[in-house]
Amino acid sequence: MAQELGFRGDVVDYYHRYRRGYPAAVIDALVAAFALTRDDTVVDLGCGTGQLTTPIAHRVRAVVGVDPEPDMLTRARSAAAERGVGNATWMIGTDADLPALGALLGMGALGAVTVGQALHWMRPDELFPTLFPLLRTGGGVAVVTNGTPLWLQDTDWSRALRRWLEAWLDKDLGYACGTDADSQLRYREALTVSGFDVREQHVEYAADLDLEHLVGGVYSALPVDRLPPPDQRPRFAEQLRHALPPEDRFAEHIRVTMLLGTKVQHQATELTGLRGK
Ligand SMILES: C[S@@+](CC[C@H](N)C(=O)[O-])C[C@H]1O[C@@H](n2cnc3c(N)ncnc32)[C@H](O)[C@@H]1O
């Protein structure tokens, strides 16, 4: 499976260097949504190089970053260590490994499971019911997106980028990687059917990319076998520059969407529990 994903080699460097991390307001919102404390353990599924894992680690007792790509995990581990994180465990695995991780940690052991920009690789209908018993009451699942892909934004430069990339890759790039309304609705329904109370929260911010960051962002999204060889990368950047509007900076408006599925204690369960005493 890892072979098909392509988050390997140089792509990992581009990912770590040029992908947006999450603003502090997103971490604050996740901590508040599930009342996370220093007693909690959090699993970050599809952790990449630790964009959510590392900042969350500072707020809880322990985090487990899970990802099928060894190169992503290696970078996540070293980047977290550089930031003084000593409470993160890194596990090679996928959403299909959560039952085994649950068996290790125990029922009700987790304060939260976060999935940052990765659910489109997974099977939410099977994953969410598996997560429910692993979470403590008041904890939950956060499905987080970090804006839309660079080539699908409502700006002239983004439309030009899409046209040029589609010609270069000979491929339609309409797929929004789970950020589109239909996918979000599907995720929300899957959470609800699995027993979670779902609400949505947003954090908005502006960013301003130069050409280096734009090209780096594109490289971070390519499977490693589609990355231009190193000696052809300056030419790639030059051709892209000519395809874009004549600007030095490319402005982005980013809307982080958090689907927050909370495991609430329902009244009926509480009453049943009382009757049993
Ligand atoms: C776009 S990156 C997101 C990284 C990070 N969470 C973020 O928010 O930027 C998607 C990650 O999901 C991982 N992934 C792909 N399929 C997965 C699966 N079935 N289970 C868990 N992680 C998966 C990939 O290896 C990759 O590191």
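How many nonpolar, polar and charged residues does the shell around the ligand have? Select the ligand and its shell: 12 residues are nonpolar, six are polar and three are charged. Here Ala, Val, Leu, Ile, Met, Phe, Trp, Tyr, Cys and Pro count as nonpolar, Asp, Glu, Lys and Arg as charged, and the others, Gly among them, as polar.

The model is predicted, so local features need pLDDT of at least 70 and side-chain atom pairs pLDDT 80 or more, whereas totals for chains, interfaces and linings use all residues. Residues are numbered from 1 along each chain as its sequence is written, and side-chain values use heavy atoms, leaving out hydrogens and water.

Among the 21 residues around the ligand (a heavy atom within 4 Å), Tyr 15, Tyr 22, Gly 46, Asp 67 and Gly 116 come nearest. Display Tyr 22 next: a polar side-chain atom of this residue lies 2.5 Å from a ligand oxygen atom. At Asp 95, a polar side-chain atom lies 2.9 Å from a nitrogen atom of the ligand. The protein buries 98% of the 600 Å² that the ligand exposes when taken alone (Shrake-Rupley method, 1.4 Å probe).

Move to Gln 51, in the loop between strand E1 (41–45) and helix H4 (53–57). Gln 51 is buried, with a relative accessible area of 16%; buried means under 20%, with a 1.4 Å probe and protein chains only. Not counting residues up to four places away in sequence, Gln 51 touches Tyr 15, His 16, Arg 20, Gly 21 and Tyr 22 (heavy atoms within 4.5 Å).

Finally, select helix H10 (residues 211–220), where seven of 10 residues are buried, including Leu 214 and Tyr 219.

Notes: Buried means under 20% relative accessible area, exposed over 50%, partly exposed in between (1.4 Å probe, protein chains only). Helices (H or I, at least four residues) and strands (E, at least two) are DSSP runs, numbered from the N terminus. A polar contact is a pair of N or O atoms within 3.5 Å; within protein, one must be able to donate a hydrogen and the other to accept it, and residues adjacent in sequence count only if both atoms are side-chain atoms.
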